[in-house]
Amino acid sequence: PEIQLAAQSDPPPFGATLNQTILVPFPLESCLSGAFRWPAYSQHLFYRLLFDAPFAAAGAAARTLLHFGAVDWNATVYVNGQLAAPSHIGGY
């Protein structure tokens, strides 16, 4: 997956190559993640994962269930540049 730190006012960088990669499942601040970054409170982290969904085999009424583990504290999810769901806020 690719990541990029940005100011809170920056829009999502749809279609752009993000400037760093991260090794999942390690957190951003961990040396094991390969990123080892500490974002400021005034920054957002854009995270992009590209995948192929098996829509063609399932037909037009197909649905894909996305799971997000360890989302803490705030996440907004886009699929193909479209807002997929309201923001998730909170977490432990």
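A salt bridge is taken here as a side-chain nitrogen of Lys or Arg within 4 Å of a carboxyl oxygen of Asp or Glu. In this predicted model, a search of the whole structure returns one such interaction. The salt bridge joins the side chains of E2 and R48, with an N to O distance of 2.3 Å. The two residues belong to distant parts of the chain, 46 residues apart: E2 lies in strand β1 and R48 in strand β3 (residues 43-48). E2 is partly exposed, with a relative accessible area of 22%, and R48 is likewise partly exposed, at 22%.

With R37, the Q20 side chain forms a polar contact, side chain to side chain, at 3.1 Å.

One aromatic pair is present in the structure. The ring centres of F14 and Y78 are 5.1 Å apart and the ring planes stand at 75°, so the pair is classed as edge-to-face, planes over 60 degrees apart being counted as such. This pair, too, links distant parts of the chain, with F14 in the loop between β1 (2-7) and β2 and Y78 in strand β4 (residues 74-79), a separation of 64 residues. F14 has a relative accessible area of 47% and is therefore partly exposed. Y78, with a relative accessible area of 36%, is also partly exposed.

Definitions and conventions:
Residues are numbered from 1 along each chain as its sequence is written. This is a predicted model: local features need pLDDT of at least 70, side-chain atom pairs count only at pLDDT 80 or more; totals for chains, interfaces and linings use all residues. Side-chain values use heavy atoms; hydrogens and water are left out. A polar contact is a pair of N or O atoms within 3.5 Å; within protein, one must be able to donate a hydrogen and the other to accept it, and residues adjacent in sequence count only if both atoms are side-chain atoms. Rings of Phe, Tyr and Trp (its six-membered ring) pair if their centres lie within 6.5 Å; planes under 30 degrees apart count as stacked, over 60 as edge-to-face and the rest as tilted. Helices (H or I, at least four residues) and strands (E, at least two) are DSSP runs, numbered from the N terminus. Buried means under 20% relative accessible area, exposed over 50%, partly exposed in between (1.4 Å probe, protein chains only).
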